[in-house]
Amino acid sequence: LLSGCLDSLCGAIIASRDPVKRVLFLGHSDTSTAVKHAQSIIEAAVGGTTNYHRFSVHPRQTVPRRNHGPRSRSFMFIALAIAAASAGGATDVIVPENGFTSINPPLDPSRGGILTTRSTHPWTFYSLRHLLSLLGLSGIAVTNPHDDVTKGELLCRTSPELSDALWRPAVGGSLSCAKLDSQRFKGGSPNINCGLCVACVVRRAAFISAGLSDPTEYAIERLAGQPRDDLIRARRADIGSLRHAVRAGFDEDGILASAMWPPQTDFDEIIAICQRGRQELQRVRLP
């Protein structure tokens with residue numbers, strides 16, 4: 001799955017290293033111009049439309065919707081890949097995401113439950129395997145091969161390519177931002193990462209930890225004066241949660257209680273990934 005984010009780009013780079021393996025990159029046709037722009041830049045890097053296919057899915061509504069938010073978006077994206085794998089006789093669906101973001105430990109006591117994304121959590125993949133078995137599709141494996149590393153460690157795995165001229169524009173154009181709204185502030189743009197939401201800070205921390213120069217343009221660096229102050233004020237909840245996590249650390253019981261887990265989960269490794277993720281966050285200077 002190649003969505004336009006930095007992790008999926010790293011996954012595409014790793015998948016492209018094997019000249020023998022046949023890889024089909026799948027994306028979604030997003031309505032956001034920022035996502036479309038990121039996907040177009042990445043499309044050029046992976047070899048054009050022959051390798052990267054984007055689809056628009058419009059499920060037919062058969063019952064009244066109880067939730068009008070984007071919570072089912074990731075499930076639909078994975079379902080699209082499963083359908084493509086089934087049609088093409090493929091056995092592997094790869095969903096690239098770093099382990100720290102997949103676990104998504106609560107940064108403070110107020111962040112958790114349904115407000116915390118679990119789209120690539122280990123329990124999600126465990127549940128998907130069970131669902132595929134019930135549907136007679138157990139021959140298709142849906143996996144995240146990067147669930148054992150932080151974002152910074154994932155960038156280290158792809159550091160030669162990330163510094164290469166072929167991939168550099170795609171790296172800078174990739175999107176991590178969870179709040180693409182900086183056009184609200186004078187001089188901002190809806191097409192760039194804000195630099196202050198949790199996802200953006202994890203991204204910035206990853207480049208620093210990997211020892212790589214960050215080619216990304218962030219709104220927090222573009223804006224000045226009052227617009228910059230307004231952006232900081234708008235992100236005060238995220239900044240407060242990040243500061244709490246960096247200062248107080250992650251409560252181990254809180255991490256384990258934050259979600260369900262597959263049988264035989266190595267909880268020592270789960271805690272270790274979260275702690276390494278926190279160490280990366282410490283490298284970012286917050287306003």
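The structure is a predicted model, in which local features need pLDDT of at least 70, side-chain atom pairs count only at pLDDT 80 or more, and totals for chains, interfaces and linings use all residues. Residues are numbered from 1 along each chain as its sequence is written, and side-chain values use heavy atoms, with hydrogens and water left out.

Helix α14 covers residues 267–281. Helices are DSSP runs of H or I with at least four residues, numbered from the N terminus. Helix α14 has 15 residues and spans 21 Å from its first C-alpha to its last. That is close to the 21 Å expected at 1.5 Å a residue. The expected span is 1.5 Å times one less than the number of residues. At the start of α14, a side-chain oxygen of D266 comes to within 3.2 Å of the backbone nitrogen of D268. Such a polar contact is a pair of N or O atoms within 3.5 Å; within protein, one must be able to donate a hydrogen and the other to accept it, and residues adjacent in sequence count only if both atoms are side-chain atoms.

The buried residues of α14 are I270, I271, I273, C274, G277, R278, E280 and L281. Buried means under 20% relative accessible area, exposed means over 50%, and partly exposed lies in between (1.4 Å probe, protein chains only). The cover over these buried residues includes α4 (99–103), α6 (151–157), α9 (198–210), α12 (236–248) and α13 (252–257).

A search of the whole structure finds 11 salt bridges. A salt bridge is a side-chain nitrogen of Lys or Arg within 4 Å of a carboxyl oxygen of Asp or Glu. One of them joins K151 and D7, at 2.4 Å from N to O. K151 lies in helix α6 and D7 in helix α1 (residues 6–16), so the pair ties together parts that are 144 residues apart in sequence. K151 is buried, with a relative accessible area of 6%. D7 is buried too, at 0%.

A salt bridge also joins D238 and K179, at 3.1 Å from N to O. D238 sits in helix α12 and K179 in the loop between α8 (168–173) and α9, so this pair links parts that are 59 residues apart in sequence. D238 is buried, with a relative accessible area of 5%, whereas K179 is partly exposed at 31%. Contact means heavy atoms within 4.5 Å. Not counting residues up to four places away in sequence, D238 touches R111, K179, L196, C197 and V198.

R184 forms a salt bridge with D181, with the closest N and O atoms 2.8 Å apart. R184 is exposed at 54% relative accessible area, but D181 counts as buried at 16%. Elsewhere, E153, E269 and R276 are linked in a network of salt bridges.

F185 lies in the loop between α8 and α9. F185 counts as buried, at 6% relative accessibility. Leaving aside neighbours within four places in sequence, F185 is in contact with L223, P227, D230, L231 and A234. F185 and L231 are 46 residues apart in sequence, yet 7.0 Å apart in space, C-alpha to C-alpha.

Methods
Helices (H or I, at least four residues) and strands (E, at least two) are DSSP runs, numbered from the N terminus.
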